[in-house]
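Here are my notes for your first read of this model. Keep the structure open beside them and find each element as you go.

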Amino acid sequence: MNLFAEMRGAVLEAVAALQAADELPAGLALDAVTVEPPRDPAHGDMASNAAMVLAKSAGRKPRDIAEALAGALRGDARVAEANVAGPGFLNLRLQPEMWIGVIPAVLSAGIGFGRSDLGAGRKVNVEFVSANPTGPLHVGHTRGAVFGDALARLLAFAGHDVTREYYINDGGAQVDTLARSVYLRYLEAHGRTVAFGEGVYPGDYLVPVGQALKDKVGDAYLDKGEQDWLADIRTFATEAMLARIREDLALLDVEMDVFFSEKSLYGTGRIEAALNRLDDAGLIYQGVLEPPKGKLPEDWEPREQTLFRSTDHGDDVDRPVKKSDGSWTYFAPDIAYHFDKVERGFDALIDIFGADHGGYVKRMKAAVSALSGGAVPLDIKLTQLVRLFKDGAPFKMSKRAGTFVTLRDVVDQVGPDVTRFVMLMRKNDATLDFDFDKALEQSKDNPVFYVQYAHARVASVLRQAAEAGFSTDDSDLLEVDLTALGADAEMTVIRKLAEWPRLVEAAAAAHEPHRVAFYLYDLASAYHALQHAGKAAQNLRFLDTDATARTRARLAMIRAVAVVLAGGLGILGVTPVEDM
RNA sequence: GGCCCCGUGGCUCAACUGGAUAGAGCAGUCCCCUCCUAAGGGACAGGUUACAGGUUCGAAUCCUGUCGGGGUCGCCA
């Protein structure tokens with residue numbers, strides 16, 4: 001039930017009626033017509049821009065059209081008031097029952113209230129995290145993980161068939177480095193003294209991996225050359241790291257549907273197949289790139305390479321797919337990987353990258369555009385940096401010094417709910433300040449707490465209502481007579497509830513889960529105000545044993561608030577707590 | 001230097017993708033607990049949306065340019 005969509009339909013019917021009466025020309029483009037909550041509630045319940053949007057093509061003044069629409073809508077039983085304001089806004093006030101009707105709609109739909117068929121079952125692939133399997137996930141990955149997972153949940157809620165996917169970069173030199181590093185730990189486990197020089201990972205998270213390798217193979221690799229162990233250890237170590245990464249993700253309740261191995265693309269003809277596709281389209285050629293504009297790299301020299309004509313698909317320069325020695329660049333398997341996604345039949349692709357991969361966006365989009373003949377859209381969301389604060393001061397990370405903060409560190413300190421919510425309170429493309437102290441604060445200043453507290457307060461009231469003999473089963477609340485509702489603070493909350501389905505669709509369409517977080521904050525705020533109103537006036541209290549009909553109506557209303565809060569928190573992957 | 005992102009009250013951020021008088025939270029001043037969680041609610045004050053042009057009924061939002069901050073820039077993945 002989406003009241004805004006419903007009333008948009010009513011406005012469009014009014015337009016059609018005017019067209020039938022020859023007051024408006026046929027064939028108007030109606031896509032831009034919106035029905036929204038007005039910024040200022042004094043303007044009414046809903047506002048439509050229809051008249052202003054249609055004015056030009058209809059050849060009539062916006063206010064005239066608006067007046068005509070208002071006249072038509074006044075005859076609609078759902079509409080209490082319709083008038084025209086400003087440059088041609090059509091402002092509607094609905095019959096209060098229309099709003100109040102949202103409560104049984106919420107209670108019968110339960111946590112799924114607001115689900116949408118916007119996605120129409122389209123298959124969407126969300127690729128996220130995709131960290132190199134060479135170490136534990138750190139804070140930056142954490143943001144990507146949380147964002148990607150919440151976006152996936154949001155899209156699923158909005159009717160998409162979502163696949164969550166992790167691309168394992170296990171094909172490059174970094175996994176050799178990993179293998180060598182593990183070998184050193186393996187030697188250590190055998191009591192040897194080793195030195196960690198350049199070109200190996202010094203992190204002690206590899207100590208248990210070295211030990212595990214010893215447990216598995218004993219002394220088989222001792223005093224042997226690389227040719228005897230590199231490939232084996234590479235596989236062993238990569239699997240160990242992936243196991244660790246899965247555990248880390250599980251801490252945040254993030255579960256992937258597919259782990260896709262870059263290595264699986266090599267030696268199987270799949271990279272060649274993808275590039276052949278591009279070649280067939282005349283997009284592959286041998287050439288020499290221009291040097292980058294401006295600052296010239298020290299060692300710049302012209303080199304002939306195999307290039308992808310990405311400029312035909314919106315990129316700024318063509319991109320190499322082969323190095324000058326003939327081996328693949330990183331880009332080549334990435335093209336093959338995205339080709340694979342296209343071939344698997346996804347209707348849309350979403351990649352979530354860290355901001356440091358911003359330079360990669362255009363070429364990746366160009367590749368997908370070329371590979372799919374423009375049929376499969378690729379949206380790339382960049383998650384910006386996370387800045388950590390502790391005791392009021394920025395907390396510096398250094399991978400080199402081994403002081404980088406892992407996902408596990410963060411979750412251990414503030415828990416999964418706080419981690420997720422805080423990271424979703426910001427747009428993905430804005431840098432995020434993560435303050436460990438504030439994250440744990442139990443106050444209004446902390447949005448996680450504030451929203452969960454609202455949910456817990458409802459639960460608390462319902463518990464007391466049950467003790468006082470009221471039924472708090474949804475099936476009973478669903479049948480309650482709601483005519484006692486209508487106070488201003490109540491209507492504010494109810495209208496907010498009615499916005500939820502609309503917000504889900506807007507957030508899903510924009511790929512912006514942070515809107516859910518902000519909505520929940522607003523809803524919680526409206527609820528806190530409502531509950532507080534009962535402090536000042538006895539007749540605004542939820543529980544009043546002298547007014548049972550009114551009490552039942554209010555219990556139904558606040559239960560609906562809890563249901564929507566729980567549903568929204570579910571999209572964010574945050575627990576709706578019953579008690580705190 | 002090229003490309004990408006960002007610039008909104010003192011601070012941290014929203015603004016439903018072009019809508020009406022730009023909204024919240026902190027910080028500031030003030031008010032509200034015999035009663036459903038005060039872990040909260042209210043009131044006041046605070047703005048030329050970095051700047052300059054442009055597009056149109058209408059711009060924080062779109063275009064051009066300038067200035068600031070960050071990221072990135074052919075054999076790293």
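1. Start at the bridge partner of Val-288: in S9, that partner is Glu-304. The two strands involved are S8, residues 284-288, and S9, residues 304-308. They pair in the antiparallel sense, over 5 bridges. Bear in mind throughout that this is a predicted model.

2. Now follow S9 to its pairing with S10. Strand S10 covers residues 319-320. S9 and S10 are joined by 2 bridges and run antiparallel. Which residue of S10 partners Phe-308? The bridge partner there is Arg-319.

3. Step back to the whole chain. Chain A has 580 residues, and 42% of them count as buried. Its secondary structure comes to 19 helices and 15 strands. The C-alpha trace spans about 85 × 60 × 40 Å along its principal axes. Now take the contacts between residues at least 6 apart in sequence. Of these, 73% join residues at least 24 apart.

4. Next, find the open sheet of 5 strands. The order is S7-S6-S5-S11-S12, and the pairing is parallel.

5. S5 holds residues 123-127 and S11 holds residues 348-354. The two run parallel, joined by 4 bridges. Glu-127 stands opposite Asp-351 in S11. Helix H6, residues 139-157, packs on the sheet and touches S5, S6, S11 and S12. The direction of H6 makes about 160° with that of S11. Helix H12, residues 361-371, also packs on the sheet, touching S11 and S12. The direction of H12 makes about 160° with that of S12.

6. Check Gly-354, which has its place in strand S11. Pro-41 is another matter: Gly-354 and Pro-41 are 39 Å apart, C-alpha to C-alpha, and 313 residues apart in sequence.

7. Most residues other than glycine have a negative phi. Ala-120 is not a glycine, yet its phi is positive, about 50°. Ala-120 is found in the loop between helix H5 (102-109) and S5. With 11 other C-beta atoms within 10 Å, Ala-120 is exposed. Ser-130 is not a glycine either, and has a positive phi of about 45°. Ser-130 is found in the loop between S5 and H6. Ser-130 counts as buried, with 24 C-beta neighbours inside 10 Å.

8. Turn to the largest nonpolar core. It has 165 residues, and Leu-69, Leu-90, Val-561 and Leu-565 touch the most other members. Helix H19, residues 548-572, gives the largest share, 15 residues. Take Leu-90 as an example. Beyond residues up to four places away in sequence, its contacts include Ala-47, Ala-66, Leu-69 and Val-84.

9. Compare the directions of H17 (residues 488-510) and H18 (residues 514-536). They pack at an angle of about 170°, with their axes 10 Å apart. That makes H17 roughly antiparallel to H18. Among the residues that meet are Val-493 and Leu-503 in H17, and Tyr-519 and Leu-530 in H18. By class, this contact has 13 nonpolar, 1 polar and 4 charged residues.

10. Finish at Tyr-186, in helix H7 (residues 173-189). Tyr-186 has 28 C-beta neighbours inside 10 Å, so it counts as buried. Its contacts, not counting residues up to four places away in sequence, are Gly-210, Leu-213, Lys-214 and Tyr-221. The C-alpha atoms of Tyr-186 and Trp-500 are separated by 55 Å, and the two residues are 314 apart along the chain.

Notes:
Residues numbered from 1 in each chain as written. Chains lettered and ligands numbered in written order. Predicted model: local features only at pLDDT ≥ 70, side-chain atom pairs only at ≥ 80, totals over all residues. Pairing = 2+ DSSP bridges. Buried ≥ 20, exposed ≤ 12 C-beta atoms within 10 Å, placed from the backbone. Contact = placed C-beta atoms within 7 Å. Axes fitted to C-alpha atoms, helices over the stretch in contact; angles between N-to-C directions. Core = buried A, V, L, I, M, F, W, Y, C linked by C-beta atoms within 7 Å. Parallel < 35°, antiparallel > 145°, perpendicular 65-115°, else oblique. Nonpolar A, V, L, I, M, F, W, Y, C, P; charged D, E, K, R; others polar.
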